Amino acid sequence: MRADANDERAGVPSGPCARWPAEQGETIRQIVDRAGDKWTVLVIGTLEHGPLRYTDLQHAVTGISQRMLTHTLRQLQRDGLVTRTAYPEVPPRVEYALTDLGTTLLDAVTALVDWAGTHHDEIQDNRARYDSEATVG
């Protein structure tokens, strides 16, 4: 039996959040949820090379709706990962950019996207095999 399984049964927390104080657990889970969200990953990755206007960001993040992009950007602003700069021009111009904190997330985002690209074919094959076995059984 694994040591962490023994600890868990003995009432000692285990898992990736166990190294942080218990009172931080909920916030840590919320942050992981935000950072692991597909739209967050794609928006952060898209802003890697500098600020973008809203419409440019929407065109670059294929498949995202206007509503979802607005929601994602607001959440990223709230967490301090993205800034929104409105310029007093006619027509109004708004740009979004990564903050220093947002930039620290780039390595994780890039690693996740690269992992997905590297294992794309293998995962597609596994899905097809699973789906064909599930319909037979």
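**A buried threonine and the sheet beside it**

Mentor: T99 has a relative accessibility of 15%, and because buried means under 20%, T99 counts as buried. The model is a predicted one. T99 belongs to the loop that lies between β3 and α6 (100-104). A polar atom of the T99 side chain is 3.3 Å from the backbone nitrogen of L101. Leaving aside residues up to four places away in sequence, T99 touches G80, L81, V82 and T83.

The sheet comes next. Its 3 strands form an open sheet in the order β1-β3-β2, with antiparallel pairing. β1 (52-53) and β2 (82-87) stand at the edges with a single partner strand each, so one side of each has no neighbour in the sheet. Strand β3 (residues 93-98) is joined to β2 by 6 bridges, and the two run antiparallel. Within this pairing, R84 stands opposite Y96 in β3. Helix α5 (residues 66-78) packs on the sheet, where α5 touches β2 and β3, and the direction of α5 makes about 110 degrees with that of β2.

Helix α5 also meets another helix. The axes of α3 (residues 38-46) and α5 come within 10 Å and cross at roughly 75 degrees. An angle of 65 to 115 degrees counts as roughly perpendicular, and α3 is therefore roughly perpendicular to α5. On the α3 side, the contact is made by W39, T40, V43 and I44, and on the α5 side by M68, L69, T72, L73 and L76. The residues of this contact comprise 7 nonpolar, 2 polar and no charged.

Terms used:
Residues are numbered from 1 along each chain as its sequence is written. This is a predicted model: local features need pLDDT of at least 70, side-chain atom pairs count only at pLDDT 80 or more; totals for chains, interfaces and linings use all residues. Side-chain values use heavy atoms; hydrogens and water are left out. Two strands pair if DSSP finds at least two bridges between them. Helices (H or I, at least four residues) and strands (E, at least two) are DSSP runs, numbered from the N terminus. Contact means heavy atoms within 4.5 Å. Axes are lines fitted to C-alpha atoms, for helices over the stretch in contact, and angles run from 0 to 180 degrees between N-to-C directions. Angles under 35 degrees count as roughly parallel, over 145 as roughly antiparallel, 65 to 115 as roughly perpendicular and the rest as oblique. Ala, Val, Leu, Ile, Met, Phe, Trp, Tyr, Cys and Pro count as nonpolar, Asp, Glu, Lys and Arg as charged, and the others, Gly among them, as polar. Buried means under 20% relative accessible area, exposed over 50%, partly exposed in between (1.4 Å probe, protein chains only). A polar contact is a pair of N or O atoms within 3.5 Å; within protein, one must be able to donate a hydrogen and the other to accept it, and residues adjacent in sequence count only if both atoms are side-chain atoms.
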